[in-house]
Each structure stands twice: as C-alpha cells, then as structure tokens.
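Morning, everyone. Let me put the chain on the screen, and then we will walk through it piece by piece.

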Amino acid sequence: MPDKNRTIGEILKTTREEQGLSLEEISLLTKVNQKYLSAIEADNWDVLPSTVQQKGFVRTYARALEIDPAPLLGQLRSIIQVDDIAVEPDPPDVQDSPSSAEQHPLEEIGSILKTQREHLGFTIPNVEDQIYIPERYLIAIEIGNLEELPSTVQGKGMVKNYAQFLGLDPEPLLLGYAEVLQKRLAKSREGIPDIKPPSPLQVSIRRFLASPTILWVGVVILIGSISIWAGTLIFGSSASSAEATATIPGVSDILLPTSTPSATPEAPISTLSEIEVDITPAFEGDEIPDDNAVTTPTPGITGNEKVQVQLIILQRTWVRVIVDNILAYEGRLLPGSVKLFGGELSIEVLTGNAAGVEVIYNQRDLGAMGLYGEVIDRVFTAEGIATPTPTITATPTPSDTPEASKTPTPTSSQEAE
C-alpha cells in the first residue's frame, strides 16, 4: 500500500521509476498528454484545467502502474476539497487503438474519444460542463454522425477541444477528420465535368485588368478630357466677350451729340430727332404683355425684302421698331418672343435692355445687341448697319418779363367836367 506521508506525485513517480518506465511510455499506455503526467508527478494541479481531469488522470495513471487508485483519490479529495469520490469499478479492458487516425473513418475517431473518456471515468455531462460543448454534439462526435454537427468548421474545433480535454494528441484525429471531409467532397463532385483551365492569354488579360495600371490610365484620360473641355470653355468665352466688347458702343455714343460719322453706313440714313425711352417698372412674376404696345400693320413679308430683321427676346425688355420710317412696333416683350420685320429701305431697332434682344440680320446671327440695361439704337439697311446720331434741339432762351404799367386814376376835377 502506498505511503500516506508522501504526496500523490511522489507515489506515482517512485512507482514508475521502480517499474523502469518513462513518462513517454506511460503517455502511450494512458493516452494522456505528457505535460499533464509531469504536472501530476510535480503535484502542480493548476496545470490541469478542471477537477474532473485531475481525478480522471490520477485514476488512469494509477491503473497503468497497477496500483490501487482509491488512496490517491482520497488524498486528492482533501486537496481539492470536494465530496467523497466514489471509486468506480475497473472498466473493461480496451484494446489498443491505432495511434494515427489517418486510416480510420469518422466513426472510429469517435470511438477513440469515447474509449478515452470511459477510461478516464468521465461522463458526457462532466465533459459538457468543462468544455461547454452541448451533449448532443458530443454524442454525434462519438458515433461519427457528421450531419448532426452545425458545420464542418465547428465540428473540427469541437473534435480538437474534446481530444485536448481527454489528454489526447488532437493532430492525428484532425487529420482523420480532414480525410473524411475530403472523401465526402470527392464523392459529391462525382459526375461534375472538369472545368477547363484558362489559357495563358486569358490569364494575362485578367491580370492586366486587375492591375492598377488600367486604373491610372483611365484617371489620366479623364483628367485630360476635363482639362480640354475646361480650356475650350474658358478661351471660347474670352474670345466671344472680346468680340462683343469691341463691337458694342457705349451709352455716351448714342445719347451725346458727336460730329464723327459712323464708319459702317455707306448710304444716307435717316436720323432721329430725339430718343425717348419708356421706363416702366416690371415684376418678375408679371407674364402679361404690355397693354400699351403699339403695333402698326405692315404688309406681309414675302422673303424678297432687301432688309430682314428677326428679333429673339432673351430677357424682358422694351423695344421700338420703325420699318421704312413707319412705326411697326413699340412696347414690352417677354422672354421667348420672336418678332420678324422686313423692309425695303431700313429697319430701326431701339431697345432699353440690349442684352435681352438677339438680332438675326439678313440670315446672319449678330447675337445680343449689347449689355444688360444698355440702351442701344441700330439702323439696319441693305448696305449695312448704322448707329443714328441724336440731334440736339436748341432750347430758346426766355426773355425778360415786361413790367406791368400803372393805370392812371382820374382826378376829381376831371370827374366834374
């Protein structure tokens, strides 16, 4: 009988050395990891994860050395301070199973785990309490029912944890588990035609499209396109603005008298005695045409007139049109309005908002007449375009107001006569 004055580890180690056995040999006999056996001999119980493993490993170690485990379990009871540990009868001898699970199906992997569990004296509820794997999954692993497991990946983790808890090396079991999965996968692929591998050209094209080179090329092309488009807008608008500024006269050229004749007209043109601009306040929401607009009926346009002018209204503005010295139209026009006039001698157009009137003269688009709010007067003839020169009417100087003469009052002598 073992000496009660010695610890559990000392008793087991001394007995092993007397029998001439090494820890490696005991590990092969008990299928308990060697580090757990070393911890038991050193009485280092903290290395073992749970009290269930402590009891099971001590019992298995004692039976491998052919000594009674009851005194050792009694001494362990005082160490871990638990209730009395009932000594179970010796389990039936279990034939040695192959150390490698690579040649066994899933059922034999479960049989190895079940045999080791029973050899250690564990029940399935004991294992469930320690490694937190539901009982139904532990039973499925032991009977080799892969369909009961939630997934193959989780099943692999459960087998690993179960084997480590029982002190087994999990690698051979995991290799056998992977072999079972490979066989099932190969069986499921039976009848599926083999996929032809892609040609080297296809691989090269895919690599080129997946490389960042094609992305950078696209970015460069996009930036270049945007730069060209922006440059066209900037330089195009600058040229049109310069041209418009060069051809549009100032307000002073129209309203102030000048002795310099216009260079454009070559034929005598009629001049206006005075320019009158009807300034009427307009509101943005007012869409009602001018009720005071004056329109003089003119002969229908046949298309053979020498002078043809089409007015396209871009902004709300006031316009007066005189065709062959006859007033053809005078009033306000709304955006979107189009007026067409034709004459033999001249067509004079006067507007109070030059930016709101676009002129098409003899099928030539001249653009807007001027700037916003600018007063412009143009005379269109068969020979060209002229700007009428305002004539200043002399204002008579008022004469001195004559003083009123006194009316003589008759005297009394004159009344007597």
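In which helix is Leu-28 found? Leu-28 is found in helix H2. Before I go on, some ground rules. This is a predicted model, where local features need pLDDT of at least 70 and side-chain atom pairs count only at pLDDT 80 or more, while totals for chains, interfaces and linings use all residues. Residues are numbered from 1 along each chain as its sequence is written, and side-chain values use heavy atoms, with hydrogens and water left out.

Now, the whole chain. It has 14 helices and ten strands. Helices (H or I, at least four residues) and strands (E, at least two) are DSSP runs, numbered from the N terminus. Of the 417 residues, 33% are buried. Buried means under 20% relative accessible area, exposed means over 50%, and partly exposed lies in between, with a 1.4 Å probe and protein chains only. Take the contacts with a separation of 6 or more: residues 24 or more positions apart account for 64% of them. Contact means heavy atoms within 4.5 Å.

Back to H2. Leu-28 is exposed, at 65% relative accessible area. Leu-28 and Leu-168 are 140 residues apart in sequence, yet 9.9 Å apart in space, C-alpha to C-alpha. Ser-27 also has its place in helix H2, residues 23–30. Ser-27 is buried, with a relative accessible area of 17%. What does Ser-27 touch, not counting residues up to four places away in sequence? Val-32, Asn-33, Gln-34 and Leu-37.

Next, helix packing. Two packed helices are described by the angle between their axes and the distance between the axes. Axes are lines fitted to C-alpha atoms, for helices over the stretch in contact, and angles run from 0 to 180 degrees between N-to-C directions. H6 (residues 106–120) packs on H8 (residues 135–143) at about 115°, with axes 5 Å apart. On the H8 side, the residues are Ile-141, Glu-142 and Ile-143. Those of H6 include Leu-106, Gly-110, Leu-113 and Arg-117. By class, this contact has four nonpolar, two polar and four charged residues. Ala, Val, Leu, Ile, Met, Phe, Trp, Tyr, Cys and Pro count as nonpolar; Asp, Glu, Lys and Arg as charged; the others, Gly among them, as polar.

H7 (residues 124–131) also packs on H8, at an angle of about 115° and with axes 9 Å apart. Here Ile-124, Val-127, Glu-128 and Ile-131 of H7 meet Glu-135, Leu-138, Ile-139 and Glu-142 of H8. The class count for H7 with H8 is five nonpolar, no polar and three charged.

On to the strands. Strands pair if DSSP finds at least two bridges between them. Ile-312 has Glu-358 in E7 as its bridge partner.

Last, a hairpin. E3 (residues 317–323) and E4 (residues 326–333) pair in the antiparallel sense over seven bridges. Arg-320 stands opposite Glu-330 in E4. Two residues lie between the strands, and Asp-324 takes a positive phi near 50°.
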